[in-house]
Amino acid sequence: MDWIKRRKTRTVWIGNVPIGSDHPIVVQSMTNTFTEDIDATVAQIKELERVGCEVVRVAVPSARAAEALPEIKRRISIPLIADIHFDHRLALLSIENGADCIRINPGNIGAEWKVKEIITLAREKGISIRIGVNSGSIPKEILLKYGSPTPEALAETAINYAKFFEDNDFLNIKFSLKGSDVRTTVLANRLFAGKVDYPIHIGITEAGTLLSGAVKSAVGVGILLYEGIGDTVRISLSTHPKEEVKVAYKILSALELRKRGVEVISCPTCGRCLVDVETLAEEVEKRLEHIEKPFKVAVMGCAVNGPGEARFADVGIAGAGDYFILFVKGKVIEKLSQEEALEKLVSEVEKLAEEK
Ligand code: SF4
């Protein structure tokens, strides 16, 4: 039974990836290399692709960065979004250079004619535009009306931009509304989502380091997704962007909206544990991050609950004294040392991934 009913939206394409309610929620991330450093940027995008990133955004703060786009695009397999602030000429150059989508915040692009030039060229090249609205760039008159960047102020700003783009016959748009906290972001998206049928990109901006950012994002993004809002997700974390992709999938998977890759179930350990569950679980997660198919892998500390839990997983290991028992599809296979257990577990999952 579907426990989440997604909000109905139109479909917008980023390259060959469709965004909208008829399609799976798309996971994206953003590189933190200097875009003009093509080798470093491509290498990072390849790492992102490996963990399941489906669309990638790069910062374009200069003409040199925009000029790097064709070569980056040639060497990667997923669509590329150019992130533009302030200078509309960089948006034009990025579109000319093959960006699959442009992310702009009309509030910091300035005069309307500049945004219109972007629209004209995007239409000519058939690419989509993501319109970003955040607390720092709400137009003065709206800020005056609400007194501060409230959810209503964010939603009204986004609705006005939607009208502007509609008046210019450009509907190939999706939106993101980001407040500086979870509450504002959730409320703003809720208000906006009730009024338009454009796809929405969701995320909690400047969420923080891996742990605090993942928790904050899981709460904010989780609430929105549970309400059926959100067609593409980016988790912002102050760490390697690969982690953003992994966290995004974990949130989507917890909500049963998407399944990708290996879910490691590990016990919290207790005074009965004679094996190193923490290191092993982390190692297992790392070694299996390239697997796309969804598997449950258990790493349990002892024989009290361990074998039971491990049996429900596709592959599992449970501590038995200071060695491990390996289970595959519920069957006990063999007793192993910690090192052997890690290698065997990884190879069993890889074997299953090939078979499936
Ligand atoms: S599986 Fe065993 S070691 Fe792990 S928490 Fe449960 S009782 Fe403790």
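1. P18 counts as partly exposed because 15 C-beta neighbours lie inside 10 Å; the class covers residues between buried (20 or more other C-beta atoms within 10 Å of the residue's own) and exposed (12 or fewer), with C-beta atoms placed from the backbone. P18 is found in strand β2, residues 17-19. Strands are DSSP runs of E, at least two residues long, numbered from the N terminus, and helices are runs of H or I of at least four. Neighbours within four places in sequence aside, P18 is in contact with T11, W13 and H23; contact requires C-beta atoms, placed from the backbone, within 7 Å. P18 and D231 are 213 residues apart in sequence, with 9.5 Å between their C-alpha atoms.

2. On the basis of these values: this is a predicted model, in which local features need pLDDT of at least 70 and side-chain atom pairs count only at pLDDT 80 or more, while totals for chains, interfaces and linings use all residues. Residues are numbered from 1 along each chain as its sequence is written.

3. The domain assignment of the protein gives domain 1 as 12-254 and domain 2 as 262-355; such bounds come from an automatic or database assignment. The domain centres, taken over C-alpha atoms, are separated by 38 Å. Four residues of domain 1 are in contact with four residues of domain 2. On the side of domain 1 that touches domain 2, one residue is nonpolar, two are polar and one is charged. In this classification Ala, Val, Leu, Ile, Met, Phe, Trp, Tyr, Cys and Pro are nonpolar, Asp, Glu, Lys and Arg are charged, and the others, Gly among them, are polar.

4. Eight strands form an open, parallel sheet in the order β8-β7-β6-β5-β4-β3-β10-β9. Pairing requires at least two DSSP bridges between two strands. β8 (173-178) and β9 (201-202) are the edges; each has a single partner strand, so one side of each is left without a neighbour in the sheet. Strand β5 (residues 80-83) pairs in the parallel sense with strand β6 (residues 101-104) over three bridges, and D83 stands opposite R103 in β6.

5. Is strand β3 (residues 26-30) mostly covered or mostly open? Mostly covered: five of its five residues are buried. V26, Q28 and M30 lie on one side and V27 and S29 on the other, and both faces are covered. β3 pairs in the parallel sense with strand β10 (residues 232-233) over two bridges, where V27 has V233 as its bridge partner. Three bridges join β3 to strand β4 (residues 55-59), also parallel; there Q28 is partnered by V55.

6. A second open sheet has five strands in the order β11-β12-β13-β14-β15, with mixed pairing. Its edge strands are β11 (262-266) and β15 (331-336), each pairing on one side only. The twist from one strand to the next averages 20°, with axes fitted as lines to C-alpha atoms (for helices over the stretch in contact) and angles taken from 0 to 180 degrees between N-to-C directions. β11 and strand β12 (residues 295-300) run parallel and are joined by five bridges; the bridge partner of I265 in β12 is A298.

7. Twelve residues surround the ligand, the closest being C267, C270, C273, G301 and C302. A residue is near a molecule or strand if its C-beta atom, placed from the backbone, lies within 6 Å of it. By class, the shell around the ligand holds seven nonpolar, four polar and one charged residues.

Definitions and conventions: Two residues are in contact if their C-beta atoms, placed from the backbone, lie within 7 Å.
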